[in-house]
Amino acid sequence: MTSISRGRNFQVAADGVYETRARGFEVLETPFLNKGSAFTLTERRDLELTGLLPSAVTDIGLQAARSYMQFQHQPDDLAKYIFLSGLHDRNEALYYRILCDHLGEMLPIIYTPTVGEAIQRYSQEFQRPRGVYLSIDSSDSIDDAFRNLGAGPDDIDLIVVTDAEQILGIGDWGVGGIAISVGKLDVYTAAAGIDPTRVIPLMLDVGTDRAALLDYPAYMGAHHARVRGEPYDAFIDACVRAVMSRFPNALLHWEDFGASNARRILDRYRSQLCTFNDDMQGTGAVVLGGVIAASRASGQRLADHRVVIFGAGTAGIGIADLIRDAMVRDGLSRSEATSRFWCLGHRGLLTTDMLSQMRDFQVPYARPDAEVGAWRRDGEGDEGGIHLLEVVRRVQPTLLIGCSASPGAFTEEIIREMAAHAERPVIFALSNPTSLSEAVPSGLIEWTDGSALIATGGPFPPVTHAGTTYTIGQANNALVFPGLGLGAIVARASGVSDGMLAAAAGAVAELVDVRQPGASITPPVDDLRAVSLHVGVAVARAALDEGLARADLGDLIDQVRSAMWEPAYRPVRAV
């Protein structure tokens, strides 16, 4: 089996040893081969490294301790990100070793929120390319780009692709979005043991609408506005066809596409290959897991929740869809379940008089005009919308979900109004980075006198109130997508079904102990390896049960665990 590396100068032999024709500095400059001072004396002789390294032979444990100390000495989070990126470029195994050893601490560096700053400064801080870049201006070169990887049809398990139109909460950052694909794959490897030699970060460069990038001479992407419409769709189609042709067993993960494209792209290709959109489905699954755990803590039946979603974009409606489907499994009809949601977009509550301005995926959640005729509207005439406080007053929700990127939107008045009618209000303030969170957990705890069950999108410290310390659950997609990918890959799933997503959510909820006062409603993100194993087994089992598994599956726990790549040095054999 050929492994993927810059230079394509090694392969994995049947006994697991790296075999290479590279010699000398070429070995040291190949990240998957490079072991630095850990090369044995025999390897140094055979690979022509004698004299190119200090004489001491160390092991990966000593190297990891030294690298972690260097990481800690960096002056700020962006410097830490750049340090880790440099290590990643030099020595893959060592990079993933310290990532696995300190994942809870390093996750906010390699992923949200620090990756957002790195994306914004991608062209200024550019060091070396990582991944595959496909340009809409050279769509006839798509096949050439994939061929240049040197990867065969059985060599790639996972591709994370973005066009970077809607990165995190920071919007369109053009070609810098490749960093989100790289970061996502790093989490896949550290959390779920996805083999990093068998993945591709993929950037679809269709231009950018950010004037500051287009005006910057050193911007690394296409210097024109975003291409849309038929040319965009044709480019996406060509990319998907190339992936299906070259890597038929790969899972294709869509990341940070804009609202006008994300849902329709997923809907178009979901039945054709193994694919999912993490912003919609991954977010929905991790929130559903938290809601299941919170419902267990409050003693409330899932189907009895009244749900207000503030932020009716692809993420918000993706969350609504998964919770609605869970309500159906809990005994409601589809129409009954849908009627338990009130979703707000930028013009307020979605109502049927707005249908012409809605995206198709929002339409099922529009409330009838007759239902809200007497509700207070803000603004004049047709522009007047029904805003969050009025919705909370009228609906008396038990579950409030924010994915709006509107900091402070969950005000004291709104939360106190909710708490007046819900014994254990469940509140998800999901926008991240934390500066965009709809509320700060300390406020939510104070305004509900400690009765709220809370999860946030970014990390927040524990809150002590009236003698109880509350651990703030983080509804981080990393609780779901690594294990989801692992299970799909092990099963060689032909698709990612709603049942597999529900299984992932249920697995996350199973890992939460809600019996203790102040307990989190999500598992801790510093134990992602164990979480991903549990989720991966549940997902593989769901794929098997639904007839989507193309692999022979037996002892699922053993198969999933044995599929998890470990960050350790392999022997390197000169050939």
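Q: Which residues line the second largest cavity?
A: In this predicted model, the second largest cavity is lined by Y18, F32, L33, K35, E92, A93, W565, A568, Y569 and R570.

Q: How many cavities does the count come to?
A: Six, taking those of 30 Å³ or more.

Q: What about the largest cavity, how much space lies in that one?
A: The largest cavity holds about 410 Å³ of space.

Q: Which residues lie nearest its centre?
A: Y81, S85, Y122, Q127 and A179 are the ones nearest the centre of the largest cavity, out of 24 residues that line it. Two elements, α4 (77-90) and α9 (178-192), each give two or more residues to that lining.

Q: Which element gives the most there?
A: Helix α4 does, with seven residues in the lining of the largest cavity.

Q: What's that lining like by class?
A: The largest cavity has 14 nonpolar residues in its lining, along with six charged and four polar.

Q: OK, switching to pockets. What volume does the largest pocket have?
A: The largest pocket comes out at about 1200 Å³. Its lining has 49 residues, and Q166, G313, T314, A315 and C403 lie nearest the centre.

Q: Which elements give two or more residues to it?
A: For the largest pocket, those are α13, α14 (314-329) and β9. Of the elements, α13 gives the most, with five residues.

Q: And how does the pocket lining split by class?
A: In the largest pocket, 23 lining residues are polar, 18 are nonpolar and eight are charged.

Q: You mentioned α13. Which strands does it lie across?
A: Helix α13 (residues 278-298) lies across β11 (399-402), β12 (426-429) and β13 (453-456). The angle between α13 and β12 is about 155°.

Q: What order do the strands take in the sheet?
A: It's an open sheet of seven strands, ordered β10-β9-β8-β11-β12-β13-β16, with mixed pairing.

Q: Which ones are the edge strands?
A: β10 (348-349) and β16 (473-474), each of which pairs on one side only.

Q: How many bridges join β9 to β10, and do they run parallel or antiparallel?
A: Two bridges join β9 (residues 341-345) to β10, and the two strands run antiparallel.

Q: What stands opposite L344?
A: That's L349, in β10.

How values were computed: Residues numbered from 1 in each chain as written. Predicted model: local features only at pLDDT ≥ 70, side-chain atom pairs only at ≥ 80, totals over all residues. Heavy atoms only, no water. 1 Å grid on protein atoms, 1.4 Å probe; cavity = no way out; pocket = protein on both sides within 12 Å on 5 of 7 lines; lining within 4 Å. Points joined across faces, edges and corners; volume = space filled by probe spheres on them. Helix = DSSP H or I, 4+ residues; strand = E, 2+ residues; numbered from the N terminus. Nonpolar A, V, L, I, M, F, W, Y, C, P; charged D, E, K, R; others polar. Pairing = 2+ DSSP bridges. Contact = heavy atoms within 4.5 Å. Axes fitted to C-alpha atoms, helices over the stretch in contact; angles between N-to-C directions.
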